[in-house]
Amino acid sequence: MIWISASIAVWLLAWRLNVILANSALGAGAVGRLLVPAIFGLTLLVVWQGIVWGADVSRVILPAPSEIGAAIVGNLPILWADFVQTVLKGAVSGFVIGCSLGFLAAIVMDRSAFLQAGFLPVAKFISAMPIVGIAPIMVMWFGFGWQSKAAVIVVMVFFPVLVNTMAGLSAADRMQRDLMATFSATYAQTLIKLRLPAAMPFVFNGLKIATTLALIGAIVAEFFGSPIVGMGFRISAEVGRLGLDMVWAEIAVAALAGSAFYGLVALVEARVTFWHPSQRS
Amino acid sequence: MSRFVPLAVVLLAITVLWYGAAVWLNSAWVYDQAARDGGQVGFADMVAATMGQPRPVLPAPHQVAVEFSRMVFETRVTSPRSLVFHAWVTLSGTLMGFVLGTVMGVILAVGIVYNRAMDMSVMPWAIASQMVPIVALAPMLAVVLAQLGAGPAVSKAFVASYLTFFPVVVGMVAGLRSPDPMQLDLLRTYGATGPAAFWKLRLPSSVKFLFTSAKVAIAAALVGTIVAELNQPTGLGARLLSGSYNGQTAMIWATLIVAALMAGALVVLIEVAERLTLRRMGIQP
């Protein structure tokens, strides 16, 4: 009981602190923008811990954050091996191949109005589909290794990148294209100097969607078959033997990997599209 | 008319490519069989043999179509062999989760818009959570909720609502903030109360954003439901997994087509609802 009352007290105090911070001069600055969510996140962990201890929640329902932390520290080699297998081998290679293919396909298709009219509705239909369902087929074709995961991801990320790049290629406006024409620029020159740079904000939008999809694809595809390493494999295996602290540890790693992957793409975006209004504020 | 010609050509090209790939991928099995029997197969025989294998590497389109119609139209819908039965299980889970997630998302969004502390505390996490493969939680949630005594339907709906929740929160916050300061000031000069500003300005201007998020969310909810079903006896996800264990490729493809049709139908349904709502509100879509 004491743990629960304590965690409620912590919650109320932290909330009060956040209200004061948010409405103070500090809350408007960069420090406040980091501090307030950090306090909130920390409070959630404390309350979680307090409730698990106080209500004596069974470890097979919800392990406490301290146990999850211990699982992370105690299993670093396993977590690293899973990370390498799922993220570095599966997700990244699938992401690179799929995004390059989508990008190139968009450039090819952009040259032909016929292909555009025929392919775009199909691409839009497919990108709304639960594509992750092709995972069993890819596992059958490419085996249990990371290659099948990469194949699932290639299909998953191809369409969002394609659709976004196509939208981006029409972003340069009429006047700018006419100007290039008066300079007697060739198709390739117009593409490289005007239309591709103008398309970059759209392309990066597609790439950012693709980072999340790549991780989802890599993890879910492992549920259909994998070698005895990998984040998806570990999650389903540990769920099976009720080692939930390890499951949460994998989820924490997945969350970190997802944010880092997204952050990396956002960083490249800031470098490439430094001229765009959304980057200049 | 001119719009349909290219589409028809592309669809035809996809079908032809599919048949070609089916012949190519399934030929190994035919040659294998022939070598085992000590015989030779000509090209024509090989092609014919790739079209009707019981467990092809890639089923030909007509095999998928036959399997689809067998499991959708020719099986009683109450039978666990019918895809309609499994599709219904998936659909009900998806819709339940979608509605739950949308309601909670809207409530949280209102809180975020009206409370600065809540905005600063929760919003960064809501945005960050969209970069995280939340769907990886599905198998664990299914097991944990089952231990708490909840049925499979509840755990599925929970995953689906979780995936629905975040896009709705982010979209609704943007929507509720979309009226520009001039419009809010105008209402203030009329002496409008806070609730009046909410019901008459903020909520109506957020409707478009809500529908945009809803389209993203329902697709996510469907994926979440299917993944959650991997540990369950019924539903499209369960069908995919059992098909993959038993090598019934035609069934996997038929299940995928059902899932795709369902996703398409759900998005179209939301689009229709959007158009009707906006027209009724007098907004040009």
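In chain B of this predicted model, helix 5 and helix 7 (residues 152–176) pack at an angle of about 125 degrees, with their axes 9 Å apart. Helices (H or I, at least four residues) and strands (E, at least two) are DSSP runs numbered from the N terminus. Axes are lines fitted to C-alpha atoms, for helices over the stretch in contact, and angles run from 0 to 180 degrees between N-to-C directions. Helix 5 of chain B and helix 7 of chain B are therefore oblique to each other; angles under 35 degrees count as roughly parallel, over 145 as roughly antiparallel, 65 to 115 as roughly perpendicular and the rest as oblique. The crossing of helix 5 of chain B past helix 7 of chain B is left-handed, a term for a near helix turned anticlockwise from the far one by less than a right angle, whereas clockwise is right-handed. On the helix 5 side of chain B, M123(B), A126(B) and I127(B) meet F166(B), V169(B), V170(B) and V173(B) of helix 7 of chain B; two residues are in contact if their C-beta atoms, placed from the backbone, lie within 7 Å. The residues of this contact divide into seven nonpolar, no polar and no charged, where Ala, Val, Leu, Ile, Met, Phe, Trp, Tyr, Cys and Pro count as nonpolar, Asp, Glu, Lys and Arg as charged, and the others, Gly among them, as polar.

In chain A, the axes of helix 5 (residues 113–127) and helix 7 (residues 146–169) come within 9 Å and cross at roughly 135 degrees. Helix 5 of chain A and helix 7 of chain A are therefore oblique to each other, and their crossing is left-handed. L120(A), A123(A), K124(A), I126(A) and S127(A) of helix 5 of chain A meet F159(A), P160(A), L162(A), V163(A) and M166(A) of helix 7 of chain A. By class, the residues of this contact are eight nonpolar, one polar and one charged.

Chain A contains twelve helices and zero strands. The radius of gyration of chain A is 24 Å, well over the 19 Å that the globule rule gives for 281 residues, so chain A is more spread out than a compact globule; the radius is taken over C-alpha atoms, and the rule is 2.2 Å times the number of residues to the power 0.38. The C-alpha trace of chain A spans about 80 × 55 × 30 Å along its principal axes. Of the 281 residues of chain A, 41% count as buried. A residue is buried if 20 or more other C-beta atoms lie within 10 Å of its own, exposed if 12 or fewer, and partly exposed in between, with C-beta atoms placed from the backbone. Among the contacts in chain A with a separation of 6 or more, 75% are accounted for by residues 24 or more positions apart.

One residue of chain A is described individually. M231(A) lies in helix 10 (residues 231–240) of chain A and is buried, with 28 other C-beta atoms within 10 Å. M231(A) and A81(A) are 150 residues apart in sequence, yet 8.9 Å apart in space, C-alpha to C-alpha. Residues up to four places away in sequence not being counted, M231(A) touches D82(A), T86(A), I219(A), E250(A), V253(A) and A254(A).

Chain B has eleven helices and zero strands. Its radius of gyration is 25 Å, whereas a compact globule of 285 residues would have one near 19 Å. The principal axes of the C-alpha trace of chain B give spans of about 90 × 55 × 35 Å. Buried residues make up 40% of the 285 residues in chain B, and residues 24 or more positions apart account for 74% of the contacts in chain B with a separation of 6 or more.

The contact between the chains takes 45 residues from chain B and 49 residues from chain A. Helix 1 (4–37), helix 5 (116–128), helix 6 (138–147), helix 9 (194–228), helix 10 (236–246) and helix 11 (249–281) of chain B each supply at least two residues of the side of chain B that touches chain A. That side of chain B has 36 nonpolar, seven polar and two charged residues.

Eight of the eleven residues of helix 10 of chain B are buried, so this helix is largely enclosed by the rest of the structure. The buried residues are L236(B), G237(B), A238(B), R239(B), L240(B), L241(B), G243(B) and S244(B). Their cover includes helix 6 (135–142) of chain A together with helix 4 (83–114), helix 9 and helix 11 of chain B. Just after helix 10 of chain B, G247(B) takes a positive phi of about 70 degrees.

Residues are numbered from 1 along each chain as its sequence is written, while chains are lettered from A and ligands numbered from 1 in the order in which they are written. In this predicted model, local features need pLDDT of at least 70 and side-chain atom pairs count only at pLDDT 80 or more, whereas totals for chains, interfaces and linings use all residues.
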